[in-house]
Amino acid sequence: MSTIDLTPLYRTMVGFDRLAGMIDQASRLDGTQGYPPYNIERVDENAFAIDIAVAGFTEAELDIETKEGLLTVAGKKAENEDAGGRNFLHRGIAQRSFIRRFQLADHVLVTGAGLEHGVLRIELIREIPEEKKARKIEIGASAVAEQPRLIGKKKASDAA
């Protein structure tokens, strides 16, 4: 895998170091891991869902946690669970423990999760705070009572 050097951007962009850190972290998170398979779906403009195939896991064996914009899903299978006399000729259904991480964008929150038919569905929503939303500015009479002044120039009334 090739490495991306973002050093030239640091010289001309201020405040984007967090974005570069997120890109670097995402490239290291799950680069080689393919288990368990998952889908990410856009349900609505501000709603998303992550479906993870967790066949053979119960709700008690799954753990979902968010911390500082990182969603972590872990499945812990008890070892020697199928030592009850089962003799597999082929074992193609993986039931090993796993950890899957997803970097969440700003203002994305987990609203719920459910397990049905071996698929864990995690619901997410983007809630943008009111102060960050676009607002319409009415065009009308100026709220400024006096005429704007140029810096360094005095009015005739100020000179007296």
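A residue counts as partly exposed when its relative accessible area lies between the limits for buried, under 20%, and exposed, over 50%. The model discussed here is predicted. Glu41 has a relative accessibility of 35% and is therefore partly exposed. Arg121, at 26%, is also classed as partly exposed.

**Salt bridges**

The structure contains five salt bridges. Side chains of opposite charge can pair when their charged atoms come close.

| Pair | Distance (N to O) |
|---|---|
| Arg121 and Glu41 | 3.2 Å |
| Arg121 and Asp51 | 2.9 Å |
| Glu61 and Lys77 | 3.3 Å |

Arg121 takes part in a salt bridge with Glu41. That pair connects distant parts of the chain, with Arg121 in strand 7 (residues 119–126) and Glu41 in strand 1 (residues 38–44), 80 residues apart.

Arg121 also forms a salt bridge with Asp51. Here strand 7 is linked to strand 2 (residues 47–53), which holds Asp51, across a separation of 70 residues. Asp51 is buried because its relative accessible area, 16%, falls under 20%.

The salt bridge between Glu61 and Lys77 joins two loops: Glu61 lies between strand 2 and strand 3 (62–67), and Lys77 between strand 4 (70–75) and strand 5 (98–103), 16 residues apart. Glu61 is buried at 16% relative accessible area, and Lys77 is buried at 12%.

Through shared partners, salt bridges unite Glu41, Asp51, Arg121 and Glu123 in one network.

Notes
Residues are numbered from 1 along each chain as its sequence is written. Side-chain values use heavy atoms; hydrogens and water are left out. A salt bridge is a side-chain nitrogen of Lys or Arg within 4 Å of a carboxyl oxygen of Asp or Glu. Helices (H or I, at least four residues) and strands (E, at least two) are DSSP runs, numbered from the N terminus. Buried means under 20% relative accessible area, exposed over 50%, partly exposed in between (1.4 Å probe, protein chains only).
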